[in-house]
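Please read it alongside the sequence and the model.

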Amino acid sequence: MDRETLGQRIRALRVRQGVSQAQLAFPELSDSYISLIESDKRVPAPSVIELLAAKLNCSATYLVSGVSEDVVDELRVTLDYAEIALLGGAAAEARDRFAEVLSNADAVALPEMLHQARWGHALALEATGDLEHAIEELRALTAEASAEADLDHWARVHVALSRCLRERGDTSAGVAVADDALRHLVATGADSTDAAVHLGAALLAAFIERGDLVRARQLAAQLVERADRGGGPRARMAAYREAAYVAEVRGEYEEGVALAERALALAGEDDDPRALARLRVTYAGLLLRARPDRAGQAHELLTQVRVEIGASAAGETDVARCLTELARSETALGRPAEAVALADQALDLLGEAPRRATAAALTVLGEARVRQGRREEAVTSLTRAATCLEEMESSREAAQAWFDLAELLAETDVADEPRMAAYRRALTCAGV
């Protein structure tokens with residue numbers, strides 16, 4: 001059934017209250033203008049709607065939407081509850097409450113509230129691991145978003161879509177989404193905005209995931225320069241965080257520690273809990289590599305993040321990275337059995353798709369099994385890690401993984417052929 005128009009609602013209320021057009025108009029408006037509004041030949045300004053609502057003893061929201069204040073209040077309470085649940089880590093509850101708003105027939109007449117519910121629903125779907133439906137919703141939101149109307153929101157939905165595509169294992173599509181969006185901002189002269197820095201950070205994460213470390217390093221330098229030139233605290237934190245992650249992947253650990261510490265210095269209480277957790281995990285991982293003597297500090301930080309990340313809207317990849325680095329710290333502290341258990345948890349979360357996070361968890365698992373003296377199982381884990389990296393076209397890291405495996409095989413009693421095969425794979429990945 002078609003809803004009443006704004007003009008029809010004004011006329012119905014006026015007639016119900018026994019007021020003429022002239023009486024409703026006096027003294028601010030003319031009766032002819034009221035007639036034009038009621039016949040839907042004129043769209044009144046927001047100030048006029050407020051004036052008419054006061055005269056007709058109703059809310060401006062009701063005049064515009066036809067939805068009563070009681071229903072609006074009920075929907076707003078549900079939305080607020082859903083957002084609190086999402087931030088608190090109750091992703092399934094948040095998903096259901098956002099869906100409740102979306103299924104309400106009155107929400108169609110409340111575009112701002114409807115959009116808020118769709119955005120929250122997409123994030124809740126991501127947090128529950130339902131990436132297919134999250135991507136479907138985010139694609140629709142990006143198609144409707146306008147950089148000219150709301151630049152920050154336009155950037156947020158593109159960042160979220162790129163992230164979900166990467167988490168699903170579709171790294172090339174994640175690169176394309178972030179790259180196209182960033183190119184649009186550059187073309188419109190908005191390349192020095194906070195939105196551009198956040199999009200650049202998303203593109204940087206996608207480059208890393210794909211193993212494109214040359215472009216990642218170039219973009220990291222550009223992002224830091226843009227952020228330092230005029231970015232806000234959150235944009236600068238995002239730039240330093242992703243640049244630190246690039247440094248970690250490239251093995252430039254001390255540089256990474258310095259960048260992560262710059263990012264942590266900007267962190268505030270109102271920052272995105274997920275972004276802050278990722279930063280702290282990156283920092284702890286860099287400490288483990290650059291300063292092994294501070295493994296205890298890294299373990300303490302990661303233990304705290306593990307508790308907090310379970311009570312946030314973090315996705316499975318973020319949780320898995322935290323578990324993997326915590327496992328690495330357990331190995332460094334001489335507790336390989338605990339490391340194996342944590343790495344196994346990370347792998348259970350990540351599933352079978354080849355991801356950088358999967359390769360990292362398998363590598364840590366292999367290292368812990370070496371410490372346990374379980375060399376055959378270590379070889380299996382490291383072989384899976386190297387194969388995973390090779391499938392992702394991460395040639396540099398795959399070469400290192402095959403070389404490390406060959407070195408491990410050299411310490412075992414296996415025949416020469418598996419060891420030589422690993423060396424050959426390393427050389428092939430290195431382009432030799």
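## Backbone exceptions

Asp40 sits in the loop between helix 3 and helix 4 (46-55). Helices here are DSSP runs (H or I, at least four residues), numbered from the N terminus. Asp40 is not a glycine, yet its phi is positive, about 60°. Most residues other than glycine have a negative phi, and most peptide bonds are trans. Asp40 counts as partly exposed because its relative accessibility is 40%. The classes are buried (under 20% relative accessible area), exposed (over 50%) and partly exposed in between, with a 1.4 Å probe and protein chains only.

A cis peptide bond joins Phe26 and Pro27, with omega about 0°. Pro27 belongs to the loop between helix 2 (21-25) and helix 3 (31-38).

## Basis of the model

This is a predicted model: local features need pLDDT of at least 70, side-chain atom pairs count only at pLDDT 80 or more, and totals for chains, interfaces and linings use all residues. Residues are numbered from 1 along each chain as its sequence is written, and side-chain values use heavy atoms, with hydrogens and water left out.

## Helix 12 and the cores

Helix 12 (residues 194-210) has 17 residues. From first C-alpha to last it reaches 24 Å, close to the 24 Å expected at 1.5 Å a residue; the expected span is 1.5 Å times one less than the number of residues. Of its 17 residues, 14 are buried. Gly211 follows helix 12, with a positive phi near 85°.

The largest nonpolar core has 92 residues. A nonpolar core is a set of buried Ala, Val, Leu, Ile, Met, Phe, Trp, Tyr and Cys residues joined through side-chain atoms within 4.5 Å. Helix 12 gives the most to this core, with eleven residues. Leu138, Leu199 and Leu204 have the most contacts inside the core. Beyond four places in sequence, Leu204 touches Ala216, Leu219, Ala220, Leu223, Glu242, Ala243 and Val246. Contact means heavy atoms within 4.5 Å. Another core, of 18 residues, lies apart from the largest one; Val72, Leu79, Ala85 and Ala117 are among its members.

## Thr171

Thr171 is found in helix 11 (residues 171-187). Its relative accessibility is 13%, so Thr171 counts as buried. Leaving out residues up to four places away in sequence, Thr171 touches Leu165, Arg166, Ala206, Glu209 and Arg210.

Technical notes
Helix = DSSP H or I, 4+ residues; strand = E, 2+ residues; numbered from the N terminus.
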